[in-house]
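Subject: Structure for your files

Hello,

Here is the structure, followed by my notes on what was found in it. Please read the notes alongside the coordinates.

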Amino acid sequence: MGSLLFFAFSWWGILLRVVAIVHFVRRRPDFFWLWIILFHWVGALVYIAVEVIPDAGLLRTQFQVFPRRRRIRELERAILDNPSAGNYEELGLLYLDNGDYARARSSYDKAIASRTDSVDAFYRRGVAEVELGDFAAAVPDPESAVTADANYDVHRAKSLLAHAYAQTGQAEKADALFQQATKISTSSETYYNYAVFLQSEGRVEESRQWAQKILDQRRTMPGYQQRRERTWFRKAYALLARLRVTTG
């Protein structure tokens, strides 16, 4: 009987560790968790309680993928009969949400071809162009959004325009706009792009300060937001490591 219980507990321990390690690899929380998971199955259980279960709240966004794909298919069919600017704009936004930036850009191209008064279409096309790394093309689109509304998309338009300026060699414009954006935005994306720009300009200490700001914000973030911001935390850590090598 004792051996059977031991066998059962061993398999449960292995299963808990596998679940915890898979989640750790996918979500990349603090590294110390890996040692806790490997140390004992109880550690894996603690990890699941602290990290895996709270992450279940993020699954709501994953469940939205299926209705979004269904709506994409509906619009793709509808556009065959009604290629309106509105349909193309909605399709472009859905493609953006789906991470299909090339198709998003193409949809906004078609929307803008038939209607040139939609600030959002130009701005969203600029987002797609930035994600595709086509910064030269990206500059005019967020420029039009910022001209129409300096605070467009909760200041993100200004931040993306500064990033596009930085990537196209317009350092003075980038610096001025980043300074404006960081005064009114606490976005990790904005801070990170500014830190990378400062690094490229040889302003290492300033770059380090802005990368550190991303990590400092973590202390006051609620748990769900910390989980959503993990990508930026990892990027900030990586940038700080590169800066240490540069100055070392």
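E90 counts as partly exposed because its relative accessibility is 32%; the class lies between buried, under 20% relative accessible area, and exposed, over 50%, with a 1.4 Å probe and protein chains only. R71 is also partly exposed, at 31%. The two form a salt bridge with the closest N and O atoms 2.9 Å apart, a salt bridge being a side-chain nitrogen of Lys or Arg within 4 Å of a carboxyl oxygen of Asp or Glu. R71 lies in helix α5 (residues 65–81) and E90 in helix α6 (residues 85–97), so the pair ties together parts 19 residues apart in sequence. Helices here are DSSP runs of H or I with at least four residues, numbered from the N terminus.

This is a predicted model, in which local features need pLDDT of at least 70 and side-chain atom pairs count only at pLDDT 80 or more, while totals for chains, interfaces and linings use all residues. Residues are numbered from 1 along each chain as its sequence is written, and side-chain values use heavy atoms, with hydrogens and water left out.

The salt bridge count comes to 17. Among them is D134 with R105, whose closest N and O atoms are 2.8 Å apart. D134 lies in the loop between α8 and α9 and R105 in helix α7 (residues 101–114), so this pair ties together parts 29 residues apart in sequence. Another joins D109 and R125 at 2.9 Å, N to O. D109 is in helix α7 and R125 in helix α8, 16 residues apart. Salt bridges that share partners join R105, D109, R125, E129, D134 and D141 into one network.

After α11 comes G169, with a positive phi near 80°.

In α12, the buried residues include D175 and F178, and what covers the buried residues of this helix includes α11, α13 and α14.

Regards

Note on methods: Helices (H or I, at least four residues) and strands (E, at least two) are DSSP runs, numbered from the N terminus. Contact means heavy atoms within 4.5 Å.
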